[in-house]
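Q: I'm new to this one and would like a close look at a single part of it. Could you walk me through one spot and what surrounds it?

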Amino acid sequence: MREPSTRILVIGAGTAGLLFTLRLSGKVAHEPVEITLVNDSDTFVMRPSLPEFATNQPVVWRSLPQLLRKTKIQFVQGRVIGLEPSQRRVTVRDQHAQPRDLDYDYLVYALGSMTERQSAPGVEQYAYTLS
């Protein structure tokens with residue numbers, strides 16, 4: 001087996017990050033490329049399906065390790081706590097609260113968004129988000 005000549009790190013496994021990673025994996029399947037996908041959660045749900053969840057309809061939550069099992073994609077469950085672009089390094093805190101450095105040649109930043117609930121009085125106490 002050849003040593004990977006290119007390391008691609010994708011942070012964020014929402015719709016964009018996961019689809020990009022899966023498509024890239026297929027395109028470079030026979031190349032010496034290492035792909036690592038980092039996400040805080042080990043489950044995936046299509047965000048447009050979340051209103052269905054709010055109305056008590058079934059929503060499919062998928063296991064990321066299960067989705068990636070037949071690929072060469074390495075999955076790291078953890079939260080990004082540091083970016084060092086000049087050193088091409090990302091620091092991740094894994095599910096055991098241990099920091100881990102991941103080096104890359106190419107970084108794909110697909111962290112997406114979240115609802116900010118602290119800036120307007122009352123929102124944090126009385127509003128719910130779908131995510």
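Let's take Thr36: is it buried or exposed, and why?

A: Keep in mind that this is a predicted model. Thr36 is buried: its relative accessible area is 7%, and buried means under 20%.

Now for where it sits. Thr36 belongs to strand β2, which covers residues 33-39. That strand is itself largely enclosed by the rest of the structure, because 5 of the 7 residues of β2 are buried.

What is around Thr36? Setting aside neighbours within four places in sequence, Thr36 is in contact with Ile8, Leu9, Val10, Gln74 and Val76.

Take strand β1 (residues 6-11), which pairs with β2 in the parallel sense over 6 bridges. Within that pairing, Leu9 has Thr36 as its bridge partner in β2. The two strands are also parts of a right-handed β-α-β unit, made by β1, helix α1 (residues 15-27) and β2.

Then there's strand β5 (residues 74-84): β2 and β5 run parallel and are joined by 4 bridges. Here the residue opposite Thr36 is Gln74.

For contrast, have a look at Leu111, in the loop between β8 (106-109) and α4 (123-126). Leu111 counts as partly exposed, because its relative accessibility is 40%. Together with Leu83, Leu107 and Tyr109, Leu111 makes a nonpolar surface patch of about 370 Å².

So, back to your spot: Thr36 is buried at 7%, with Leu9 as a bridge partner and Gln74 standing opposite in β5.

Methods
Residues are numbered from 1 along each chain as its sequence is written. This is a predicted model: local features need pLDDT of at least 70, side-chain atom pairs count only at pLDDT 80 or more; totals for chains, interfaces and linings use all residues. Side-chain values use heavy atoms; hydrogens and water are left out. Patches are made of residues with over 30% relative accessible area and no salt bridge: like charges are joined within 9 Å, nonpolar side chains (Val, Leu, Ile, Met, Phe, Trp, Tyr) within 5 Å. Accessible areas come from the Shrake-Rupley method with a 1.4 Å probe; for residues, only the protein chains shown count as cover. A salt bridge is a side-chain nitrogen of Lys or Arg within 4 Å of a carboxyl oxygen of Asp or Glu. Buried means under 20% relative accessible area, exposed over 50%, partly exposed in between (1.4 Å probe, protein chains only). Contact means heavy atoms within 4.5 Å. Two strands pair if DSSP finds at least two bridges between them. A crossover is right-handed if, with the strands pointing away from the viewer, the path from the first strand over the helix to the second runs clockwise.
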